[in-house]
Amino acid sequence: MEVRRSVAELGARTYAIQLLSDAGIPFLVGGAYAFAHYTGIYRDTKDLDLFLHRADGDRALELLARHEWRTESEVHGWLHKAFWEDFLVDLIYGAGNGLTTIDEAWFEHAVPAQVLGCPCRVPPAEEIFWSKAFVLERERFDGHELTHLLLKMGPTFDWPRLMRRFERYWEVLLSHLLFFRFAYPSDRDIVPSWVMRELLARADASVDEGNWSERICRGRLLSPVSYRVDIDEWGYEDGGAWDARQRQREDPALGAQEAPGPHGPH
């Protein structure tokens, strides 16, 4: 059930956007506001999600603190929090799974928007899809948002860029595209045929390849809590640690970022 937010709470969100805008701190408005911008579907949200580079997130936290906001830094290792009375703004600079971090492409492909009457930018639809695809918690599954986002924005997706985003996690992308095909059988052609054929060919090849030699559970990249037992009791290697090693081979700076905490709002 949708909950109407008070004028005071909406005012606090507007105040945060205006402070950062006036200070020239680059940020993107994400969460429910970005989802509504792309799909026309509004969902009530308990906070305002702002996406920033790490250095800009630190600057934003200092700015809000100077204007009498109560602040908390390094929450879970990938975001700051700022409170105006009981109203919350999340300053997000990373990701709980260590994968879908905020990089320059988020800003390079950002889209102009109006949020709460303020001119701003929202993240690219492709990056929203990428980040939400890994949120498969028991209490939080964003699959319906992915299918709606794909329905509305799929025809304009930069599919090569999205494919690069998923890289070695192409199975996650394929699973969500299959959900989309199930939900919207009359709109299957929104996903280019070359994308489906490429991913299905990889799936077919993986059957012939068989099991990996390493005993790894990558489930914690989707749900850190639900797959904890696999690491603690069943002897699997944490897929997050495996991924960090893979990223380090590609980029040492990325590889140093361990998955710091559970998934949060996206």
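Glu127 touches Ala105, Trp106, Arg161 and Arg165, leaving aside residues up to four places away in sequence. Glu127 sits in helix H5, which covers residues 125-132. The model is a predicted one, and the mean pLDDT of the protein chain is 90.

**Confidence**

- In the protein chain, 93% of residues reach a pLDDT of 70 or more.
- Over residues 254-266, however, the pLDDT is below 50.
- That stretch, residues 254-266, still has 48 contacts in the model beyond near neighbours in sequence.

**A buried and an exposed residue**

- Glu127 has a relative accessibility of 0%, so Glu127 counts as buried.
- Gln114 belongs to strand E6, made up of residues 111-115.
- Gln114 counts as exposed because its relative accessible area is 56%, and the cut-off for exposed is over 50%.
- Gln114 and Asp204 are 90 residues apart along the chain, and their C-alpha atoms are separated by 44 Å.

**Aromatic rings**

- The whole structure contains 13 aromatic pairs.
- In the pair of Tyr169 and Trp242, the ring centres are 6.4 Å apart and the planes stand at 80 degrees, so this pair is edge-to-face.
- Tyr169 lies in the loop between helix H7 (159-166) and H8, while Trp242 lies in helix H11 (residues 239-250).
- The pair therefore ties together parts that are 73 residues apart in sequence.
- Tyr169 and Trp242 are both buried.
- Tyr169 and Trp242 also belong to a cluster linked by ring pairs, together with Phe129, Phe134, Phe157, Trp159, Phe166 and Trp212.

**Nonpolar surface patch**

- On the surface, Leu136, Phe141 and Phe179 form a nonpolar patch.
- Together, Leu136, Phe141 and Phe179 have about 270 Å² of accessible area.
- Phe179 is part of helix H8, which runs over residues 170-183.

Definitions and conventions: Residues numbered from 1 in each chain as written. Predicted model: local features only at pLDDT ≥ 70, side-chain atom pairs only at ≥ 80, totals over all residues. Heavy atoms only, no water. pLDDT = per-residue confidence, 0-100. Contact = heavy atoms within 4.5 Å. Patch = residues over 30% accessible without salt bridge, like charges linked within 9 Å, V, L, I, M, F, W, Y side chains within 5 Å. Areas by Shrake-Rupley, 256 points an atom, 1.4 Å probe, with all protein chains shown as cover. Salt bridge = Lys/Arg side-chain N within 4 Å of Asp/Glu carboxyl O. Helix = DSSP H or I, 4+ residues; strand = E, 2+ residues; numbered from the N terminus. Phe/Tyr/Trp six-rings, centres within 6.5 Å; stacked < 30°, edge-to-face > 60°. Buried < 20%, exposed > 50% of the residue type's maximum accessible area, 1.4 Å probe, protein only.
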